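Open the model in your viewer and keep the selection tool at hand. The tour goes chain by chain, then to the contact.

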Amino acid sequence: MAPFEVHWDPFDPADPGPCLKVIVMNAYDYIEAGRAIGLEYPEPHPITALIDTGSPFTIISKTFAKNWKLVQTGARSPIRTMGGDCLCDEYSGSMSFPGSELPPIRTLRIRSADFNREPFYSCLIGRDILKNWDIRFDGRARCMTITT
Amino acid sequence: MALAAPLEMELQVFEEYRQKWSLKHLGEYVVIQDGRVLDQFFDSYEDAFRAGLREFGVSRNFLVKQIWITEPVYFVA
């Protein structure tokens with residue numbers, strides 16, 4: 001697999017962080033089972049996700065989780081952030097990485113939260129995904145390289 | 001009439017059994033829809049979700065919950 005490179009300038013305060021495009025949708029076998037009985041699911045489209053080593057798990061915007069009809073598998077799970085405590089719903093989905101050769105994740109537990117006032121990204125890629133990747137950051141080149 | 005929150009009944013069932021399950025199945029996953037609990041516990045979320053999909057299908061949500069004595073609060077930075 002070719003390494004995937006992400007530009008990130010941590011020395012620029014306006015840089016939101018290392019971001020990449022992801023496609024989040026229901027798990028493949030879930031969609032297959034749904035279509036077999038005539039259910040329809042929205043066409044997925046890429047959203048921007050931040051690589052966040054500070055998050056133990058992957059979180060997407062509550063709005064996207066609902067619009068994409070992700071199957072809900074949990075509710076009111078507490079998380080603590082710098083801004084205070086909040087309760088998250090949980091969904092099951094799959095995640096792929098368009099424009100890269102990073103292998104898709106077929107089934108993933110995804111938390112949802114409000115991404116209000118966050119203009120740059122609507123998903124956090126947490127350590128539940130990062131544990132599968134080898135990530136290196138070259139500060140001089142302002143470049144992050146991901147391999148699996 | 002107010003609508004019940006998603007998975008409200010499933011979470012009630014989970015809370016009823018949490019102490020009992022935590023004695024033998026700590027850290028494992030359980031799958032619940034309405035009052036029905038799958039009679040198997042799972043080591044991973046993925047396995048639990050697939051079992052729920054097989055058993056309950058795609059028509060309604062089902063709860064996939066990891067068993068801890070108290071609910072963990074994870075820190076997101």
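Each stop below says what to select and what is there.

**Stop 1: chain A**

This is a predicted model. Select chain A and colour by secondary structure. Chain A has three helices and 10 strands. From the N terminus, the order is β-β-α-β-β-α-β-β-β-β-α-β-β. The radius of gyration is 16 Å, close to the 15 Å that the globule rule gives for 148 residues, so chain A is as compact as a globular protein of that length. Now show the C-alpha trace of chain A. Along its principal axes the trace spans about 55 × 40 × 25 Å.

Turn next to the packing of chain A. Of its 148 residues, 35% count as buried. Take the contacts in chain A with a separation of 6 or more: residues 24 or more positions apart account for 67% of them.

**Stop 2: the helices of chain B**

Select residues 8-24 of chain B. This is helix α1, with 17 residues. From first C-alpha to last, α1(B) reaches 24 Å, close to the 24 Å expected at 1.5 Å a residue. Where does α1(B) bend? Centre on R18(B): the bend there is about 60°.

Helix α2(B) has 12 residues and reaches 16 Å between its first and last C-alpha, close to the 16 Å expected at 1.5 Å a residue. G57(B) takes a positive phi of about 75°.

**Stop 3: the contact between the chains**

**Stop 4: around α2(B)**

Which residues of α2(B) are buried? Select Y45(B), A48(B), F49(B), R50(B), G52(B) and L53(B).

**Stop 5: strands across the contact**

Last, select residues 71-81 of chain A, strand β5. Strand β5(A) pairs with β4(B) in the parallel sense, over three bridges. Pick I79(A) and look across to β4(B): the bridge partner of I79(A) is Y74(B).

Terms used
Residues are numbered from 1 along each chain as its sequence is written. Chains are lettered from A and ligands numbered from 1 in the order in which they are written. This is a predicted model: local features need pLDDT of at least 70, side-chain atom pairs count only at pLDDT 80 or more; totals for chains, interfaces and linings use all residues. Helices (H or I, at least four residues) and strands (E, at least two) are DSSP runs, numbered from the N terminus. The radius of gyration is taken over C-alpha atoms; the globule rule is 2.2 Å times the number of residues to the power 0.38. A residue is buried if 20 or more other C-beta atoms lie within 10 Å of its own, exposed if 12 or fewer, and partly exposed in between; C-beta atoms are placed from the backbone. Two residues are in contact if their C-beta atoms, placed from the backbone, lie within 7 Å. Two strands pair if DSSP finds at least two bridges between them. The expected span of a helix is 1.5 Å times one less than its number of residues. The bend at a residue is the angle between axes fitted to the seven residues ending there and the seven starting there.
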